[in-house]
Amino acid sequence: MAQESDHNTVKSCCSTDRSSVVLAPKNLKLKAAVKPADSKPAADTNSDTTGMVFIPGGTFLMGTNDKEGFAADGEGPVHSVTVNSYYMDETAVTNEQFGRFIAATGYITEAQRFGWSYVFHLFVSEAEAAKVKTVPQTAPWWYPVEGADWNHPEGPDSTIEGREDHPVIHVSWNDAMAYCEWAGRRLPTEAEWEYAGRGGLAQKRYPWGDELKQGGEHNCNIWQGKFPVKNHASDGYLGTAPAKSFRPNGYGLYNMAGNVWEWCSDWFSPTYYQSGESDNPLGPRTGEGRVMRGGSYLCHSSYCNRYRVAARSKNTPDSSTGNCGFRTVLSAPQQ
């Protein structure tokens, strides 16, 4: 695997989009009462804040000029942004929570309708790996596994038994929006996500400060070893960790770095910070990919250090992978 000499090139270990390989969708009819989400953020209509924490509104410095950042991702320039108060899930939505949504609505995820989703190659059984005929050229460690979905995260021969408290994965942006519509909540804007992720700290590299490890202890679930072939898992996890793992940040939010990427409501643009709004920004009006934040268990300093709080990535709204989930928010009454 070639290594770039700087951070001016977008590296694709984080995710890959559904169009990177061509597989015929299966003809599964969407039987849910919830219609597929459109491009507008869902309105939050729920007043139940159980499992959420209050995020007091304020003004903060968004983005980074850090040399560790990826210029091609548009992580800078640093700019002042104001957000109103809101509530945010203390964890990413779990398998158990998503399962309740499925049971209540009969919703069929896009991974199920397409008939496949991306699974990291080390997690695929030999039997399922033998069926894989094509992989994304720029990220060959992602296997398009037929039968992989939120309930079968490594393929049809796997289950989520024992992982009910882990973040749900193999959910597309459209799936996350459907869940939000059912729950009466919405996805966070990118600005809301970063503001919350910082936990009240100003311009720190991580939700807890500037040092990756504190007192020799791991603070997040990321890759240790040689990506993409060997993960020593010294943080305790090869794949996803329970949604409530490690210490929460200053706002009481868990795993705002590593574990799984989290969808935001915004379209992605690498130039948005140069001309975007400063008061509760909603992101570009159009785009090809939706913003993802937070990094995942696959991020590694030698290749993709996007577990930094200012880091950004994207994927198409219909794409799903084994390292992306989401959490929801509710707007707070404004004074």
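Predicted model: local features only at pLDDT ≥ 70, side-chain atom pairs only at ≥ 80, totals over all residues.
Colleague: How many cavities of 30 Å³ or more turn up in the whole structure?
Modeller: The search finds 2 of them.

Colleague: Why is the largest one called a cavity and not a pocket?
Modeller: Because a 1.4 Å probe fits in a cavity but cannot get out, whereas a pocket is open.

Colleague: What makes Met62 a lining residue of the largest cavity?
Modeller: A lining residue has an atom within 4 Å of a cavity point. Met62 is listed in that lining, along with His79, Asp266 and Pro281, among others, so Met62 has such an atom.

Colleague: Which helices each supply at least two residues of that lining?
Modeller: Helix H5 (190–197) and helix H6 (272–275) do. Glu190 and Ala191 are in the lining, and so are Tyr272 and Tyr273.

Colleague: How do you know how the lining of the largest cavity divides by residue type?
Modeller: Tyr counts as nonpolar, Glu as charged and Gly as polar, for example. Sorted that way, the lining has 5 nonpolar, 3 polar and 3 charged residues.

Colleague: What about the lining of the second largest cavity?
Modeller: That one divides into 5 nonpolar, 3 polar and 1 charged. Arg163 is in this lining and Arg counts as charged, so Arg163 is the charged one. Trp150 and Ile160 line this cavity too.

Colleague: What makes a residue count as buried, and what share of the protein does?
Modeller: Buried means under 20% relative accessible area. Of the 335 residues, 56% count as buried.

Notes: Residues numbered from 1 in each chain as written. Heavy atoms only, no water. 1 Å grid on protein atoms, 1.4 Å probe; cavity = no way out; pocket = protein on both sides within 12 Å on 5 of 7 lines; lining within 4 Å. Points joined across faces, edges and corners; volume = space filled by probe spheres on them. Helix = DSSP H or I, 4+ residues; strand = E, 2+ residues; numbered from the N terminus. Buried < 20%, exposed > 50% of the residue type's maximum accessible area, 1.4 Å probe, protein only.
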